[in-house]
Amino acid sequence: GANTALFSVADAVLLRPLPYPDADRLVAVEDASSLANWRGDLRRDVEESAVFAGVGTYVAGAVNVGGDPAPERVRAAAVSAGFFKALAPQPIAGRVFTADDLKVDLRQAVISYALWTRRGRSLRPGGEVLINGRTFVIAGIMPPRADFPAGADVWIPTGSDNQIAGSAAAPAAIARLASGVTPDRARMEIERIAAAAANGRRDANARPVVVVPLRDQLVGTMRPVFLTLAIAVGLVLLVACLNVASLLLARVSAREREIATLRALGATGLKLVRFLLCESALLSAGAGLL
């Protein structure tokens, strides 16, 4: 039971690929204080760099979805149009908003599969939803498990709601690397663009830019913990299996007279093996059900 539970967690956290195309090319940009919060010309230069296939920013927060009498408080993210270009999700219905869409209307929202199912699938692309008391048009519905960042259920454009994306909020950045580009090369390109934008001026308090695979950022320091737990519980399972095998061998030794009687009555070696395997299979099935 412990092995099954732990493997389920390890599979979801460590083994199962992220629900986005070519997820190994997704990276997070950390410690980007030297990038002036990714605003203005600097962000445009980074987005237009050849080392990236898409760059976006986001600010995580929470919003109220629905109106009276029972609005639901859910996790949300205010994102730039490049956010979805970087993630490249495949919506199950509708589509994600683009930069051209946001030039016309900021009141657009993308909702998660989980929120769609919780709401009885009454929300649909082209329909309307109340977010923090304001009406937004639903652009699309994300696929299952696509809930970055941190279990988000709603994605709205940056600037459409100051409660989670006010002027004081510092956005985080996510990017999709171009084919053949490594995180180290991406980091050097960002630093080059930042240095050019600063015209040689250096901020003594600025931390270096760090570009890491998105999965590493999501798992963080938990990877060695999960691996250690998996190995430890696996060793416990191995010891348990050895103990059961020893008990079964001891039981067979104690049944020598019974087996001799069965052979005297005409049972062949194959039939005896089949008989003992059936007993073991029943024992295994019972243990598996538990």
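Setting aside neighbours within four places in sequence, Val79 is in contact (heavy atoms within 4.5 Å) with Thr57, Tyr58, Phe84, Phe97, Trp155, Ile156, Pro157 and Thr158. The model is a predicted one, where local features need pLDDT of at least 70 and side-chain atom pairs count only at pLDDT 80 or more, while totals for chains, interfaces and linings use all residues. Numbering runs from 1 along each chain as its sequence is written, and side-chain values use heavy atoms, leaving out hydrogens and water.

Val79 also turns up in the largest nonpolar core, a set of 26 residues in which Val79, Phe83, Phe84, Val110, Phe148, Trp155 and Ile174 touch the most other members. Such a core joins buried Ala, Val, Leu, Ile, Met, Phe, Trp, Tyr and Cys residues through side-chain atoms within 4.5 Å; buried means under 20% relative accessible area, exposed over 50%, and partly exposed in between (1.4 Å probe, protein chains only). Strand S1 (26-30), strand S3 (72-79) and helix H3 (81-87) each give two or more residues to this core, with H3 giving the most, 5 residues. Helices (H or I, at least four residues) and strands (E, at least two) are DSSP runs, numbered from the N terminus.

Over in helix H1 (residues 2-15), Leu6, Ala10 and Leu14 are buried. The buried residues of H1 pack against helix H8 (214-219) and H9.

H9 covers residues 222-254 and includes Leu238. Leu238 counts as partly exposed because its relative accessibility is 46%.

Key
The expected span of a helix is 1.5 Å times one less than its number of residues.
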